[in-house]
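Me: I would like to go through the labels given to this chain and see what each one rests on.

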Amino acid sequence: MTTPSHPVAGLAGFAGLAAEQKSQDVTDWAARIGWVVGLLLVIALVYWLMREGWKWRGTLQGDLPELPQAPADPGAPTLTMSGRYHGSTTAGQWLDRIVARGLGTRSRVELTLTDRGVSVVRPGAQDFFIPAAELRGARLDKGIAGKVLAEGGLLVITWRLGEKLIDSGFRSDHAAEHTAWVDALTELSGGPSEAAVPSHDTEGAR
């Protein structure tokens, strides 16, 4: 004859299973929290390294002169453009980003071309002015300072700041405007850009 299970023993078994399940749940949550904390620490470390690298680059470029400001009477507008400023680099070296004097800050931009130069107005970032005498040309390009676009999707203006030749990249909200800007800037500067057009290997562009 089979002896029936004692009710107390059955209850104890269920209690043991419940306690084991609860222990597993607590362990799973602890592991998940550990992974999240570890991931956040890695992200914070990467951000800190990027920030320190940015500051270090700015220190190396500390001899760059202050950015020119627009004259009181910049002249009558020849062309205007709304779009984005994507950054500046050493001319002909599309990955050699310039961060000093606020030139590394990407932003919205309003460009105005007159016979005296190019006014660059940037909401939330420092405005500057490129005098006509410092213009060295313009071209259509596809990438600058880690930003890669479609072929011809970027207006690059080459100009001189102090002793340094700079490429500054802009993208109009209406890319069809770029060609007119290249033509007008080339004429105002007296010829094609001095800077060699860089070879765009997209490795390291992001």
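This is a predicted model: local features need pLDDT of at least 70, side-chain atom pairs count only at pLDDT 80 or more; totals for chains, interfaces and linings use all residues.

Me: Why is Tyr-85 called buried?
Reply: Buried means under 20% relative accessible area. Tyr-85 has 0% relative accessibility, so the label applies.

Me: What makes Tyr-85 and Phe-128 an aromatic pair, and why is the pair called edge-to-face?
Reply: By the rule used here there are three aromatic pairs. Ring centres must lie within 6.5 Å, and planes over 60 degrees apart count as edge-to-face. For Tyr-85 and Phe-128 the centres are 6.3 Å apart and the planes are at 75 degrees, so both conditions hold and the pair is edge-to-face. The pair links distant parts of the chain, with Tyr-85 in strand E1 and Phe-128 in strand E5 (residues 128–131), 43 residues apart.

Me: How do you know whether Phe-128 is buried or exposed?
Reply: The relative accessible area of Phe-128 is 1%, so Phe-128 is buried by the cut-off of under 20%.

Me: Why does the pair of Phe-128 and Trp-159 get the label stacked?
Reply: The planes of Phe-128 and Trp-159 are at 15 degrees and the ring centres are 5.7 Å apart, so the pair is stacked; the label requires planes under 30 degrees apart. Here too distant parts of the chain are linked, since Phe-128 is in strand E5 and Trp-159 in strand E9, 31 residues apart. Trp-159 is buried, as is Phe-128. Ring pairs join Tyr-85, Phe-128, Trp-159 and Phe-170 into a cluster.

Me: What makes Ser-119 a buried residue, and what does it touch?
Reply: Ser-119 has 15% relative accessibility, so it counts as buried, the cut-off being under 20%. Ser-119 is placed in strand E4. Leaving aside neighbours within four places in sequence, its contacts include Glu-110, Leu-111, Phe-128 and Phe-129.

Me: Why is Asp-115 called exposed?
Reply: Exposed means over 50% relative accessible area. Asp-115 has 56%, so it is exposed. Asp-115 is found in the loop between strand E3 (107–114) and strand E4 (117–121). Not counting residues up to four places away in sequence, Asp-115 touches Pro-74, Gly-75, Thr-78, Ala-132 and Leu-188. The C-alpha atoms of Asp-115 and Ala-132 are separated by 7.0 Å.

Me: What makes Arg-101 and Glu-66 a salt bridge?
Reply: A side-chain nitrogen of Lys or Arg has to be within 4 Å of a carboxyl oxygen of Asp or Glu. For Arg-101 and Glu-66 the N to O distance is 3.1 Å, and the side chains meet in a salt bridge. Arg-101 lies in the loop between E2 and E3 and Glu-66 in the loop between H1 and E1, so the pair ties together parts that are 35 residues apart in sequence.

Me: Why do Arg-101 and Glu-66 carry separate accessibility labels?
Reply: Glu-66 is at 54% relative accessibility, so it counts as exposed, the cut-off being over 50%. Arg-101 is at 29%, so it counts as partly exposed. Arg-101 also has a positive phi of about 60 degrees although it is not a glycine.

Me: Which other salt bridges are there?
Reply: By this rule the count comes to five. Among them, Arg-139 and Asp-141 meet at 2.9 Å, N to O, and both residues are buried. Glu-151 forms one with Lys-142, with the closest N and O atoms 4.0 Å apart. Salt bridges that share partners join Arg-139, Asp-141 and Asp-167 into one network.

Me: How do you know that the span of helix H2 is close to the expected one?
Reply: Helix H2 (residues 178–189) has 12 residues and reaches 16 Å from its first C-alpha to its last, against an expected 16 Å. Its buried residues include Trp-181 and Leu-185.

Key:
Residues are numbered from 1 along each chain as its sequence is written. Side-chain values use heavy atoms; hydrogens and water are left out. Helices (H or I, at least four residues) and strands (E, at least two) are DSSP runs, numbered from the N terminus. Buried means under 20% relative accessible area, exposed over 50%, partly exposed in between (1.4 Å probe, protein chains only). Contact means heavy atoms within 4.5 Å. The expected span of a helix is 1.5 Å times one less than its number of residues. Rings of Phe, Tyr and Trp (its six-membered ring) pair if their centres lie within 6.5 Å; planes under 30 degrees apart count as stacked, over 60 as edge-to-face and the rest as tilted.
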